[in-house]
Amino acid sequence: MYIDTTEALQAFIKETICHAAGSYIAIDTEFVRQRTYWADLCLVQIATQSQAVLIDTHKVDVRFLEPLLTHPDIIKVIHAGRQDMEIFWKDLQLIPQPIFDTQIGAMFAGLGEGISYDNLVHKFLDVRLDKTSQYTNWAQRPLTEKQRVYALADVQYLYQVYPLLIQRLQDLGRQDWLCDEIAPLIDPQTYEVNISNVWKRIHISARGPSLAVLQDLAAWREEQCQALNYNRARLIRDDHLALIATRMPQSLEELKEVLASTKGIKGDLDALAQTLYEVVSKSLIRPADTWPQPIAHKTISVDNPHLFELIKMLQRAVAEELGIPMRLLIHKGDLEKLSRNEIQEQEIGCLSGWRYDAFGSSVRKLLSGEIGLTMGQKGIISKEFVNAT
């Protein structure tokens with residue numbers, strides 16, 4: 001079903017809310033973003049128990065989807081849905097809820113971190129998807145039959161996978177483990193850009209005033225790209241900004257020389273140089289106490305490094321036993337606190353909830369001497385000490 005009129009979309013929304021309440025739908029999007037700052041939403045695909053539809057968002061107002069996307073009794077099933085959520089937040093100022101991300105669910109089901117959609121479908125349904133249309137131009141109209149089939153497959157099989165994945169999580173007793181990992185997806189702050197921090201994405205070996213220049217240049221570019229809807233590299237590339245910040249040109253002519261020495265600068269070089277120099281000249285007179293600090297690799301601060309490594313070995317053993325990524329059991333900062341014996345339940349995530357049952361209780365026993373670690377045939381395992389008396 002291809003929806004390209006408001007009447008058809010409204011009828012579909014009404015029917016879906018009526019029949020899917022208390023159940024779930026599968027949802028996905030197709031968009032293009034190669035030359036723009038904001039994603040251009042081209043399609044929304046939705047699968048229900050009875051049908052799968054393509055909604056042409058170039059022809060209908062996506063805002064009509066709001067009652068369905070926010071319906072509290074309909075679970076919206078997505079796969080690796082961060083970009084989908086970002087688009088809905090940007091276009092509608094809403095985050096679909098409640099949601100279930102099958103990539104996150106698969107991680108807790110022991111299927112590895114970051115499993116792709118096609119591998120997930122093959123795992124549960126023994127179906128191999130045709131991915132040849134993966135990098136197609138979704139803004140073109142009319143869509144080809146091959147594009148439509150590809151886009152529909154993204155939700156048709158997702159709808160079928162969801163109950164199988166849920167059953168696996170229930171069999172493992174892990175259906176309630178996902179909340180912490182899904183929380184960032186439904187937090188609007190996840191999709192807000194702090195322009196004063198975008199410089200951190202750019203690789204540079206510098207400090208002091210150079211970082212102040214880079215911070216201001218990156219913030220200027222971000223504001224311009226948002227206003228013009230330009231891809232960042234289309235305006236000026238990261239390496240160009242890093243070079244200017246490293247050289248810290250003291251005059252307009254120096255800045256022009258820096259730009260002339262690089263490749264890939266597009267448009268009016270003189271106009272760009274003039275604008276950039278206005279930014280740089282203000283950066284160069286910033287007080288030292290306003291300069292950003294270099295991004296340093298966090299060092300481990302522990303009183304007992306041997307205890308730190310012991311807890312980490314237990315973490316690895318438990319993660320391997322459960323078939324989940326190590327990072328899900330405990331955050332690095334909490335690991336350091338435990339190794340310093342700073343045990344405060346309200347501040348350490350693994351000492352409450354499912355993490356306590358899976359890992360935290362074993363950490364407590366390790367710290368109190370109730371268990372130790374020993375080598376087994378399959379690697380490091382925990383072993384309870386036996387009281388000989």
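Q: How many salt bridges does the structure hold?
A: This is a predicted model, and a salt bridge here is a side-chain nitrogen of Lys or Arg within 4 Å of a carboxyl oxygen of Asp or Glu. Counted in that way, the number of salt bridges in the structure is 13.

Q: Which parts of the structure does the pair of Glu86 and Arg33 tie together, and how many residues apart in sequence are they?
A: The side chains of Glu86 and Arg33 meet in a salt bridge, with 3.6 Å from N to O. Glu86 belongs to helix α3 and Arg33 to the loop between β2 and β3, so the pair links parts whose separation in sequence is 53 residues.

Q: In what order do the six strands form the open sheet?
A: The edge strands are β1 (2-3) and β6 (99-101), each of which pairs on one side only. The pairing in the sheet is mixed, and the order of its six strands is β1-β4-β3-β2-β5-β6.

Q: Which residue is the bridge partner of Val32 in β3?
A: Strand β2, residues 23-32, and strand β3, residues 40-47, pair in the antiparallel sense over seven bridges. In β3, the residue that partners Val32 is Asp40.

Q: Which helix lies across β1, β2, β3, β4, β5 and β6, and at what angle to β2 does it run?
A: Helix α1 (residues 6-20) packs on the sheet, where it touches β1, β2, β3, β4 (52-56) and β5 (74-78), and its direction makes about 145 degrees with that of β2. The helix lying across β1, β2, β3, β4, β5 and β6 is α6 (residues 145-172), and its angle to β2 is about 140 degrees.

Q: Which element supplies the largest share of the lining of the largest pocket?
A: The largest pocket has a volume of about 660 Å³ and is lined by 24 residues, with Thr29, Glu30, Phe31, Gln134 and Tyr150 nearest its centre. By class, its lining has nine nonpolar, eight polar and seven charged residues. At least two lining residues come from each of β2, α3 (82-92), α5 (117-125) and α6, and the largest share, five residues, is that of β2.

Q: Which element gives the most to the lining of the second largest pocket?
A: The second largest pocket, with a volume of about 390 Å³, is lined by 18 residues, and those nearest its centre are Arg33, Tyr37, Glu86, Tyr191 and Val193. The lining divides into six nonpolar, five polar and seven charged residues. With four residues, the element that gives the most to this lining is α3.

Q: Where is Pro142, to which the peptide bond from Arg141 is cis?
A: Most peptide bonds are trans. A cis bond joins Gln97 and Pro98, with omega about -10 degrees, and Pro98 has its place in the loop between α3 and β6. The bond from Arg141 to Pro142 is also cis, with omega near 0 degrees, and Pro142 is found in the loop between α5 and α6.

Q: What is the phi of Ala80?
A: Most residues other than glycine have a negative phi. Ala80, which lies in the loop between β5 and α3, has instead a positive phi, with a value near 50 degrees.

Conventions: Residues are numbered from 1 along each chain as its sequence is written. This is a predicted model: local features need pLDDT of at least 70, side-chain atom pairs count only at pLDDT 80 or more; totals for chains, interfaces and linings use all residues. Side-chain values use heavy atoms; hydrogens and water are left out. Two strands pair if DSSP finds at least two bridges between them. Contact means heavy atoms within 4.5 Å. Axes are lines fitted to C-alpha atoms, for helices over the stretch in contact, and angles run from 0 to 180 degrees between N-to-C directions. On a 1 Å grid over the protein atoms alone, a cavity is a set of points where a 1.4 Å probe fits but cannot get out, and a pocket is an open set with protein on both sides within 12 Å along at least five of seven lines; lining residues have an atom within 4 Å of a point. Grid points are joined across faces, edges and corners, and a volume is the space filled by probe spheres set on the points. Ala, Val, Leu, Ile, Met, Phe, Trp, Tyr, Cys and Pro count as nonpolar, Asp, Glu, Lys and Arg as charged, and the others, Gly among them, as polar.
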